[in-house]
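Let's take a walk through this protein together. Have a look at the sequence and the structure first, and then we'll go through the parts one by one.

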Amino acid sequence: MRPDAFDWIDEERVLREKAGLVRALRPRPAVATLTDLAGNDYLGLARHPAVTGAAADAARRWGAGATGSRLVTGSTELHAALETELARFCGAEAALVFSSGYTANLAALTALGGPQALIVSDAANHASLIDGCRLSRARTEVVPHADPASVRTVLAGHRGRALMVTDSVFSVDGDAAPLAELARACREHGAALVVDDAHGFGVVGEGGRGGPADAGLAGAADVVTTVTLSKSLGSQGGAVLGPARVIDHLVNSARTFIFDTALAPAATGAALAALRLLREEPERAARVREAAAFLHRRLTAAGLQVAPPDAAVVSVRAPSPQAAVRWAADCRAAGLAVGCFRPPSVPDGVSRLRLTARGDLTGRQLDDAVEVIVRTAPAA
Ligand SMILES: Cc1ncc(COP(=O)(O)O)c(C=O)c1O
């Protein structure tokens, strides 16, 4: 009998089941029935009437889709306004919007890397940065997590084009990168610093201006920042921010800008409305940080192992992947949605509950969330 082309998929599934690592999609009702500590809508803006209204207005005015790459079908004033206001808010010279944070990261690394370049990459970087390094065809050196001394050592052994890439706030443990020190290390060796501020933008620093601004790097000539519009702004899409000559270079060479349909008008309009809300109501960012600190304090006091959060992500250790899945399911049964991170999404193989603090949760909701997590915790 001839083998079936996809028999290997069944074999992989069996291995995944044995390891407790099977993933499955779950339906999501339009009206939330659970308290949500799993999503990334940090500021609670995804359903804000000004944001959803702007999405609807943009779709009516510009159409449901962007109709093509901006280099082919033209660039709307909506995209230009979002870029101008994003750059101004973060203190960057210029910005360029992409269809996702993932494609923004691929753009920055492929356009600034290349076969002749060295990329120094933090060991805990997000998957999209890892893929960007691979696609760039640059020599990539992975350095230990949050370790500027190792960055210096690797850069010292290289001549020519180089850059260091790091998350600003790491997605798994919620800790912040030592951005000011990394920037110093890069500067000493004429290298650029690329910062993925997906979890910092809208949360970290004065009014949520993000990790690089908080580290005194806003407008720096050798720093490039990427952000997603899908977390704190509650929309969809991504952007690269940095010196005007870098942004112009991306327009001319970033394949995920040139060969990808532009960000949809509705997402662009929603992101712009959310950004304006954040600018007018800077206390939103502070409330997220307070909620994260509260969760950390209370869960630690209850004896759980919780990493100190530097932004919205609060990570609670679980004894095994199976225990993490059960714990998350028990929370869900008790009315609380939490994230569950298992290998291969965790660099150190340790499974966790991943909580995302939201600035729009009430004190009562946070109290109840802590009670559920503690009551359903597996025995250590
Ligand atoms: C650190 C980080 N970078 C990039 C991304 C990708 O952003 P997007 O979901 O907009 O593609 C994500 C999130 O999903 C992320 O957590």
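## Ground rules

Two strands pair if DSSP finds at least two bridges between them. Helices (H or I, at least four residues) and strands (E, at least two) are DSSP runs, numbered from the N terminus. This is a predicted model, where local features need pLDDT of at least 70, side-chain atom pairs count only at pLDDT 80 or more, and totals for chains, interfaces and linings use all residues. Residues are numbered from 1 along each chain as its sequence is written.

## The sheet

Seven strands make an open, mixed sheet, and their order is β2-β8-β7-β6-β5-β3-β4. At the edges you'll find β2 (94-98) and β4 (139-143); each has a single partner strand, so one side of each is left without a neighbour in the sheet.

Now follow the pairings. Strand β5 (residues 162-167) runs parallel to strand β6 (residues 192-196), with five bridges between them, and V165 sits opposite V194 in β6. Next, β6 and β7 are also parallel, joined by four bridges; here D196 has T226 in β7 as its bridge partner. β7 then meets strand β8 (residues 238-242) in the antiparallel sense, over four bridges, and T225 is partnered with L241 in β8.

## A covered strand

How many residues of strand β7 (residues 223-228) are buried? Six of its six are. "Buried" means that 20 or more other C-beta atoms lie within 10 Å of a residue's own, "exposed" means 12 or fewer, and "partly exposed" is in between, with C-beta atoms placed from the backbone. Both faces of β7 are covered, with V223, T225 and V227 buried on one side and V224, T226 and T228 on the other.

## The nonpolar core

A nonpolar core is a set of buried Ala, Val, Leu, Ile, Met, Phe, Trp, Tyr and Cys residues joined through C-beta atoms within 7 Å. The largest one here has 122 residues, and A95, A107, L163, V194, A239 and V240 touch the most other members. Helix α12 (residues 265-280) is the top contributor to this core, giving nine residues.

## Out at R364

Head over to helix α15 (residues 363-375), and you'll find R364.
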